[in-house]
Amino acid sequence: MPPSVRPAFESVLRRNPGDFEFHQAVHEVLASIIPVLEENPRYLDEAILERLVEPERQIIFRVPWVDDNGRIHVNRGYRVQFSSVLGPYKGGLRFHPSVNSSIIKFLGFEQIFKNALTAQGIGGAKGGSDFDPHGRSDAEIMRFCQAFMNELYRHLGEHTDVPAGDIGVGAREVGYLFGQYRKITNRHESGMFTGKGTGWGGAEVRTEATGYGTVYFVQEMLAVRGESIEGRRVLVSGSGNVAIYAIEKAAQLGALPITASDSSGYVVDEAGIDVELLKQVKEEERLRVASYAERRPSARFVPGRRVWEVPAEIALPCATQNEVNGRDAARLIANGVVAVAEGANMPSLPEAVDAFQAAGVLFAPGKAANAGGVATSALEMSQNAARQRWNFADSEHKLHAIMRSMHTEAYQAAERYGHPGNYVVGANCAAFVKVADAMIAQGVI
Ligand code: NDP
């Protein structure tokens, strides 16, 4: 770690012992913005780094709820409001047993830069709980969401903090969370949550936006090299919201997505994933991904392994953090991968990113590649504020334009700061400058 950024990084280690995912996310950003700091030492003089790595506010709370058998459970709820310098706090809620303060801090920190790149005037936050929705009835999910909102509501609002979904929080959970907020506050405040149902204030394309946007970003990276996505074999990990719509868009653009996965293993379908069947299995019936292979003769289920061992030219990790390690990267490279784009947040370990970049593989970090979701959330906020509703085609057109513009910005920043083709440096530098300039303009607060 270069001396100019060491004090800020050391403060993160000291104040957040054991928060390894948070350390990893901060390390990546600090290590890649050195050219910006060398060009403009005022960012160091103004202690921008020390201020940025400390969240503006962190909320941790008890979530007691009652299951269908009358048993009481206690989960822990989190909301880390990292930065509101560019707009109201904005970032999803994650319900997964692995959630802890490190996970929420890393996601909130990433969100600051991702949201800055979208240029939609939104700050960075993240929240969630260590609640495991798997195997819970609808009534249990509803009671948990209500209990979670019983505390969180006081920290939210359309001009304060606007959550959305993430792992384990989809349309059903957003409905219950929004409903409880409305009940407690006596306000139908559409703009306080995004990812709502399209019948009650939700934006068209929000469901599809993260997956679609990731594939658009791949298209842009390939276009720079005069190449196209058409006819390419695509690996997708995960089978949730991001994965399903990455698969759908890749197929629409003429590529051949051949995998999907969950925590039990992966399916490979050499005929190309049947996205309608996948939606039926995962979105409607809420089954494990193995059920897809049971119903599709061209597919097989591989238990307990990761998709990265399957030969393909494009890889889209869309499940969770740190799901691509150095060995996975070496395998992908040996099998001829040409582009990797992160649909998930921080799915690649640093050793994997280094390997991709050293091998000349196009690599898009999540904060750029998966920003289509939050960008469309910002479009949802605009529509709510103006009491308007844009149709699917218009909304998708806007998403596509935002993805193109984020690609251009990251690409140009990488060139400008002396690392051509390095989208990690490009995205971090471009986003950091926006956040840091706003912090200087708004004073020490
Ligand atoms: P979903 O809950 O819809 O799907 C998550 C998928 O990833 C599931 O298939 C799940 O399998 C798998 N998964 C989750 N945790 C693990 C784990 N620890 N090990 C193995 N597999 C796992 O979530 P999303 O699709 O919304 O989110 C996926 C990723 O995309 C996350 O990193 C999220 O932060 C990121 N993201 C999401 C956005 C959105 O708009 N939804 C926006 C930007 C980023 P299983 O059911 O077995 O757990």
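Biologist: Is arginine 387 buried or exposed?

Modeller: With a relative accessibility of 78%, arginine 387 counts as exposed. Exposed stands for over 50% relative accessible area, buried for under 20%, and partly exposed for what lies in between, using a 1.4 Å probe and protein chains only. The model is a predicted one, in which local features need pLDDT of at least 70 and side-chain atom pairs count only at pLDDT 80 or more, while totals for chains, interfaces and linings use all residues. Residues are numbered from 1 along each chain as its sequence is written, and side-chain values use heavy atoms, with hydrogens and water left out.

Biologist: Where does arginine 387 lie?

Modeller: Arginine 387 is in the loop between helix H16 (372-386) and H17. Helices (H or I, at least four residues) and strands (E, at least two) are DSSP runs numbered from the N terminus. Leucine 13 is 374 residues away from arginine 387 along the chain, and 45 Å separates their C-alpha atoms.

Biologist: How many helices and strands are there in the protein chain?

Modeller: The protein chain has 18 helices and 13 strands.

Biologist: How much of the protein chain is buried?

Modeller: Of the 445 residues, 58% are buried. As for contacts (heavy atoms within 4.5 Å), those between residues at least 6 apart in sequence join residues at least 24 apart in 73% of cases.

Biologist: Changing topic: how many positive and negative side chains are there?

Modeller: There are 46 positive and 52 negative side chains, and the centres of the two sets are 4 Å apart. Lys and Arg count as positive, Asp and Glu as negative, with His and the chain ends not counted. The charge is placed at NZ of Lys, CZ of Arg, CG of Asp or CD of Glu.

Biologist: Now the rings. How many aromatic pairs are there?

Modeller: The count comes to 18 aromatic pairs. One of them joins phenylalanine 22 and phenylalanine 82, a tilted pair at 6.0 Å centre to centre with 50° between the planes. Rings of Phe, Tyr and Trp (its six-membered ring) pair if their centres lie within 6.5 Å, and planes under 30 degrees apart count as stacked, over 60 as edge-to-face and the rest as tilted.

Biologist: What does the pair of phenylalanine 22 and phenylalanine 82 tie together?

Modeller: Phenylalanine 22 belongs to helix H2 (residues 20-32) and phenylalanine 82 to strand E2 (residues 72-83), so the pair ties together parts 60 residues apart in sequence. Both phenylalanine 22 and phenylalanine 82 are buried.

Biologist: What sort of aromatic pair do phenylalanine 217 and tyrosine 423 form?

Modeller: Phenylalanine 217 and tyrosine 423 form an edge-to-face pair, 5.8 Å centre to centre with 75° between the planes. The pair links distant parts of the chain, with phenylalanine 217 in helix H9 (residues 206-224) and tyrosine 423 in helix H18 (residues 423-442), 206 residues apart. Phenylalanine 217 counts as buried because its relative accessibility is 0%, and tyrosine 423 counts as buried at 2%.

Biologist: Which residues is histidine 407 in contact with?

Modeller: Leaving aside neighbours within four places in sequence, histidine 407 is in contact with Phe217, Glu220, Met221, Val224 and Tyr423. Histidine 407 is found in helix H17 and is buried, at 4% relative accessibility.

Biologist: And what about alanine 393, buried or exposed?

Modeller: Alanine 393 is exposed, at 52% relative accessibility. Its place is in helix H17 (residues 392-416).

Biologist: Last topic: what is the phi of asparagine 186?

Modeller: Asparagine 186 has a positive phi of about 60° although it is not a glycine. Asparagine 186 lies in the loop between helix H8 (171-185) and H9, and is exposed at 72% relative accessibility. Alanine 47, also not a glycine, has a positive phi of about 55°. Alanine 47 sits in the loop between helix H4 (42-45) and helix H5 (48-52), and counts as partly exposed at 26% relative accessibility.
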